[in-house]
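Subject: Structure handover, salt bridges

Hello,

Here is the structure you are taking over. Please look at it alongside the notes further down.

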Amino acid sequence: MMRPVPLGLLVAILAIGVDQATKWWILIYIMDPPRVINVTPFFNLVLVWNRGISFGMFSDESTARVWILSFLAVGIVGFLANWLWKAESKRVAISLGLIIGGALGNVIDRAVHSAVLDFLDFYAGSVRWPAFNAADSFITVG
């Protein structure tokens, strides 16, 4: 039976892998050329570069912004990793692993592209949810 800490680390590694693989697939194969792909009456695949944080907040064109947001995310990951190290339940470890993996997946995007690649676009009629990615989903579920 796997202990909580290794389980949380495994979940974080898997979350990073899934996030980066889906972004690579979208960028290289699906969105070449970039376009909107209607999948269902309430879901599209799109290509959006989010230069800020949630919902595009703090998305100015400053190069310092990339570093500030990345360092902030890494600091939060450090806090969460410390919490994971002390986790006594698998549920907490899995949740923290999802959040850590999601955060690091988006940090990788900022380091490589200076922005986070979002591609999942859900909507109801004219009401749209901001586009997001697998890392955002892992953070939310975690």
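Below is what a look at the salt bridges turned up.

Please keep in mind that this is a predicted model. Searching the whole structure gave three salt bridges.

K23 takes part in a salt bridge with D19, where the closest N and O atoms lie 2.9 Å apart. Both residues sit in helix α1 (residues 4-30), and because they are four residues apart there, about one helical turn separates them. K23 has a relative accessibility of 3%, so K23 counts as buried, the cut-off being under 20%. D19 is buried as well, at 0% relative accessibility.

K23 also forms a salt bridge with D109, again with 2.9 Å between the closest N and O atoms.

The remaining salt bridge joins the side chains of R128 and D121, at 2.9 Å from N to O. The relative accessible area of D121 is 6%, which makes D121 buried. R128, at 45%, is partly exposed. As for how the salt bridges connect, shared partners join D19, K23 and D109 into one network.

As background, side chains of opposite charge can pair when their charged atoms come close.

Regards

Methods. Residues are numbered from 1 along each chain as its sequence is written. This is a predicted model: local features need pLDDT of at least 70, side-chain atom pairs count only at pLDDT 80 or more; totals for chains, interfaces and linings use all residues. Side-chain values use heavy atoms; hydrogens and water are left out. A salt bridge is a side-chain nitrogen of Lys or Arg within 4 Å of a carboxyl oxygen of Asp or Glu. Helices (H or I, at least four residues) and strands (E, at least two) are DSSP runs, numbered from the N terminus. Buried means under 20% relative accessible area, exposed over 50%, partly exposed in between (1.4 Å probe, protein chains only).
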